[in-house]
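This report goes through one protein model by topic.

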Amino acid sequence: MPSIELGESIPPDTAHAVSVSLPTWASNVGYEEGASWVLSRMTTGYPRFFIHKTIAELGRAIATSYGKQDQQAMLFSTPEAAERCLDFMRQRAPDTLAIQLHSVAFELNLSENTSPVLGGLSSTIAAALFPAEAFGLAKQYWQHTGDGISSRRAEFCHDLLRAGILVPSNSKNSILETTLKPSRGPKRYQRTNSVDETAVPDAKVTTTAFNDNKESSRFLEERFGRNLDLTLAAKAKSAIRRRIAGSLISELDLTAETVTEPLVSSVRANNLSESDIYLFPAGMNAIFNAHRALMAARGQLQSVSFGFPYVDTLKILQKFGPGCIFYGNGSSSDLDDLEHRLGKGEHILALFCEFPGNPLLASPDLRRIRELANDFDFAVVVDETIGTFANINVLPFADIVVSSLTKIFSGDSNVMGGSAVLNPGSKYYKLLKTAMETVVEDNYWPEDIIFMERNSRDFLNRVGRVNANAEAICDILRGHPLVKDLLYPKFNSSRDHYERCRLPHGGFGGLLSVVFHQQVSAQAFYDEMDIAKGPSLGTNFTLCSPYTLLAHYGELPWAAQFGVDPDLVRVSVGLEDKDTLSDTFRRALEAADRATSASR
């Protein structure tokens, strides 16, 4: 995929794309600094950081109709999620703002004998409403937790709102006087004050919220039924769960050489069932709910964030619950320190880590972590997004394995998703099972599920090709005189930890990071790359970003103390022809060489 214009979606012309083009080093800096020449051209962005235009439009419509003057709305899939957002804001907002926070939930105005296909949409959307000056707090909750609605859900629900079918829960079957845009549906379903009145955008209209339930049900069936088959969505969800379970079980080759029996008492991986796999609308939402379930099962205790983590994982542990202990280096000496603390009587809820980490690609010592967990009674949560369960199996060392399905499991960069897998051999399994059933909300939008299932059908084959391409790129970068460090599981000092979990036919993944001796080399290399450049990873096409700038622009010195270079360039390798891809990287290195020589 060639370079894409600034601000365009990645992939191009994709309404629900997961990434956005930031094709130059300067455009990444401009984005972080809020420069108008960048922000004014952005058509989309990474969904937890950029509120998609369809979501923003629906939020404005709801805030105008159901909020107080100058209020804004943040949209969620359940009333409970909206209330969690408001609780988060109340804890941090001044009292004068806190008293102005409220929520409104919506549901479909349908008859009791509505078909099951439509009845499954009974809980559709909820809004947290707040003054404009509190937007930053609402956005924090949205970004950290992944609880927000998807753009496909927003698109669907906005049409329902316009049609008068989506109504506040406490006003179902009543006459609403609201500010609504005219329905784009058939004219016979548009209600206005007068037969002579001309509908205009944003006009004040009075709509009877489809008091004729048979009529509204028929309209919804005709207009939306073909686009959203909930029966198909249920089958797709089951297929995804089986696909994940199959990857974990069919590749299982765990012997005494890799996992000793005391680590996880009777690792019953072959007993893993579909019901042990939970699906979420985003990978971060899987982590958020795993943390919630652990606190529900084991109480309010601190957790440990081990190794340099993806930014929002640390924020979840710090901001929700009693806080966390952060070991950013993820080293053996960090484990020594943790063991010393626990030996003195300190108790923790769980240890969260990535395998391998993003963006340093270091692999934590899961064997020793598991031993400490058994000795000192804490849970282990492993995020295997980067390694992916096509290459590695970390389940024997973990109580919960989480993953962002948005990445290579999907590959197409057009849908979000996440998963959490409970280890049936965990000592906490029954407690966690009960907690997950209580805590987890079924809020994965059916259209998104259908896209995820279709995208992931060739997941295993794609991973093999990506592994091979990534190693070819490493061969080009490794040892180049401009390159200070190449970060990849195969070459990192923690390779032995990775090998302990690598499957017999598994590789080292598609993500690598390169650090140059000089910033001018990194900038020229990045600018020259004739590939897609923007946030996210695991795409079927090669995708590059100056990761540290995007993830830690406001805290570069803090990240640097844990070995994260401010000019680090992260590359997610795709499925392109290996020779073509290799030529692209060679040309970028030649441009970096020229720029570096010119700067001397």
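## A charge over a ring

Over which ring does the charged end of arginine 92 sit? It sits over the ring of phenylalanine 88, 3.8 Å from the ring centre. The criterion is NZ of Lys or CZ of Arg within 6 Å of the ring centre and within 35 degrees of the ring normal. Arginine 152 lies over the face of phenylalanine 451, at 3.9 Å from the ring centre.

## Basis of the values

The model is predicted: local features need pLDDT of at least 70, side-chain atom pairs count only at pLDDT 80 or more, and totals for chains, interfaces and linings use all residues. Residues are numbered from 1 along each chain as its sequence is written, and side-chain values use heavy atoms, with hydrogens and water left out.

## The chain as a whole

The chain has 22 helices and 20 strands; these are DSSP runs numbered from the N terminus, helices being H or I with at least four residues and strands E with at least two. Of the 600 residues in the chain, 60% are buried. Buried means under 20% relative accessible area, exposed means over 50%, and partly exposed is in between (1.4 Å probe, protein chains only).

Among contacts in the chain with a separation of 6 or more, 75% come from residues 24 or more positions apart. A contact means heavy atoms within 4.5 Å.

## Aromatic pairs

The structure holds 26 aromatic pairs. Rings of Phe, Tyr and Trp (its six-membered ring) pair if their centres lie within 6.5 Å; planes under 30 degrees apart count as stacked, over 60 as edge-to-face and the rest as tilted. Phenylalanine 355 and tyrosine 498 form a stacked pair, with 5.9 Å centre to centre and 5° between the planes. This pair links distant parts of the chain, 143 residues apart: phenylalanine 355 is in the loop between strand E12 (350–354) and helix H14 (366–376), and tyrosine 498 is in helix H18 (residues 495–501). Phenylalanine 355 is buried, at a relative accessible area of 0%, and tyrosine 498 counts as buried at 0% relative accessibility.

The ring centres of phenylalanine 516 and phenylalanine 525 are 5.1 Å apart and the planes are at 50°, so this pair is tilted. Phenylalanine 516 and phenylalanine 525 are buried. Ring pairs also link Phe76, Phe88, Tyr141, Trp142, Phe288 and Phe320 into a cluster.

## Crossing of H7 and H11

The axes of helix H7 (residues 135–145) and helix H11 (residues 283–298) come within 7 Å and cross at roughly 95°. H7 is therefore roughly perpendicular to H11, a class that covers 65 to 115 degrees, with under 35 roughly parallel, over 145 roughly antiparallel and the rest oblique. H7 contributes Tyr141, Gln143, His144 and Thr145 to the contact, and H11 contributes Met284, Asn285 and Phe288.

In helix H1 (residues 25–32), Trp25, Ser27, Asn28 and Gly30 are buried. Their cover includes helix H2 (36–39), helix H19 (519–528), helix H20 (547–552) and strand E20 (569–572). Just after H1, glycine 34 takes a positive phi of about 70°.

Glycine 45 is in the loop between H2 and helix H3 (53–66) and counts as buried at 3% relative accessibility. Glycine 45 touches Ala17, Val18, Val20 and Phe50, not counting residues up to four places away in sequence. The C-alpha atoms of glycine 45 and glycine 7, 38 residues apart along the chain, are separated by 8.1 Å.

Notes
Axes fitted to C-alpha atoms, helices over the stretch in contact; angles between N-to-C directions.
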